[in-house]
Amino acid sequence: MRLTIVNPMLKVVVLLCGVLFLVTGLRWLLAPAGVAPEFGLTLGSGVGLSSQIGDMSAFFLTLGVCILMGLTSQRTVWYYPPIILLSLTAVGRVLALLLH
């Protein structure tokens, strides 16, 4: 009985994460000036701005699309890219904290 309650709740949490990542990626594409300060970033100019917008939107859109594909297709292989991206981000942040 407990598993049948947890499973739909977990799906809702996963859905919310996927939608949040997707919206964040779209915000980077459409309104980067509004989302950059939320990450402690100031927008660059020229090629730097293009890199920020392209990299950040690609990161979050990939997370959101893969999570939602995993949820809708029920194939766990779709969760591997988000797991890898988020894990490498966490490792990179810890290393940056320790080394810089």
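Ring pairs join F21, W28, F39, F59 and F60 into a cluster. The model is a predicted one, and a search of the whole structure gives four aromatic pairs. One of these is formed by F39 and F60, whose ring centres are 5.4 Å apart; their planes meet at 50°, so the pair is tilted. Stacked pairs have planes under 30 degrees apart and edge-to-face pairs over 60, so an angle of 50° falls in the tilted class. The pair connects distant parts of the chain, since F39 is in the loop between α2 (32-35) and α3 whereas F60 is in helix α3, 21 residues apart. F39 has a relative accessible area of 31% and is partly exposed. F60, with a relative accessible area of 7%, is buried.

Both members of this pair also touch T24. T24 is located in helix α1, which covers residues 2-30. The relative accessible area of T24 is 12%, and the residue is therefore buried, the limit being under 20%. When neighbours within four places in sequence are left aside, the contacts of T24 are with V35, F39 and F60.

Helix α3 comprises 27 residues (residues 47-73). The buried residues of α3 are Q52, I53, S57, F60, L63, G64, C66, I67, L68, G70 and L71. The residue that follows α3 is Q74, which has a positive phi, near 60°.

The cysteines were examined for disulfides. A disulfide is a covalent bond between the sulfur atoms of two cysteines. With a cut-off of 2.5 Å between the sulfur atoms, the count is zero disulfides. C17 takes part in no disulfide, the nearest cysteine sulfur being that of C66 at 14 Å. For C66, likewise, the closest cysteine sulfur is in C17, and a distance of 14 Å is too far for a bond. As for accessibility, C17 is partly exposed because its relative accessibility is 35%, whereas C66 is buried because its relative accessibility is 8%. C66 is also among the buried residues of α3.

Notes: Residues numbered from 1 in each chain as written. Predicted model: local features only at pLDDT ≥ 70, side-chain atom pairs only at ≥ 80, totals over all residues. Heavy atoms only, no water. Buried < 20%, exposed > 50% of the residue type's maximum accessible area, 1.4 Å probe, protein only. Helix = DSSP H or I, 4+ residues; strand = E, 2+ residues; numbered from the N terminus. Contact = heavy atoms within 4.5 Å. Expected span 1.5 Å × (residues − 1). Phe/Tyr/Trp six-rings, centres within 6.5 Å; stacked < 30°, edge-to-face > 60°.
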